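Subject: A structure for you to look at

Hi there,

Here is the structure I promised to pass on. Have a look at it first, and then read my notes below.

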Amino acid sequence: MLRDTLTNRKVAMQTREGPVFWEQTQGCPHGACSGPAVWNIVADEILSIQWRQGVHLQAFADEFVFIVIKNTREGLRKLRKLSIYKFKDWEVKNKLLVSMEKTSYVLFSKRVRGPTIEWESRSFIRKDQLKCLGVKIDNKLS
């Protein structure tokens with residue numbers, strides 16, 4: 001989950017048609033008429049990135065889900081790290097913050113010990129299931 005941290009500053013956002021500038025005087029409240037449109041423009045940038053094979057990013061409203069697939073622990077670690085760095089760059093560029101309290105991951109594997117996933121020196125919470133838009137997905141895909 002991401003939340004806007006922009007206040008009282010000129011904002012530039014890169015679109016396919018070129019940069020867009022506006023004065024941001026306060027955050028965008030939930031339910032605002034322009035909120036979804038502005039968010040779609042910001043989110044489109046990260047969703048348009050060509051990810052490496054084995055990496056897929058999906059957005060559901062203002063939630064993002066990474067799916068990272070690799071056969072080896074080391075391969076998984078490398079793909080995860082590259083994906084998080086790209087996402088972090090986008091987050092910083094757009095002055096957004098990832099809510100660590102709402103961020104977690106599920107490992108779909110027979111491995112007992114999964115990878116440690118960190119964001120700014122804080123570990124993501126590993127769960128046995130995730131709930132996304134009311135749908136529960138467990139680590140056994142049942």
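Strand β5 supplies six residues to the lining of the largest pocket, the largest share. Strands here are DSSP E runs of at least two residues and helices are H or I runs of at least four, numbered from the N terminus. A pocket is an open set of points on a 1 Å grid over the protein atoms alone, where a 1.4 Å probe fits, with protein on both sides within 12 Å along at least five of seven lines; lining residues have an atom within 4 Å of a point.

This is a predicted model, in which local features need pLDDT of at least 70 and side-chain atom pairs count only at pLDDT 80 or more, while totals for chains, interfaces and linings use all residues. Residues are numbered from 1 along each chain as its sequence is written, and side-chain values use heavy atoms, without hydrogens and water.

Back to the pocket: 44 residues line it, and Val65, Phe66, Ser104, Tyr105 and Leu130 lie nearest its centre. Helix α2 is among the elements that each supply at least two lining residues.

Ser83 lies in that helix, α2, which spans residues 73–93. Beyond neighbours within four places in sequence, Ser83 is in contact (heavy atoms within 4.5 Å) with Trp51, Val55 and Phe66.

As for confidence, the mean pLDDT (the predictor's confidence in each residue, from 0 to 100) of the chain is 76. Over residues 1–9 the pLDDT is below 50.

Best wishes
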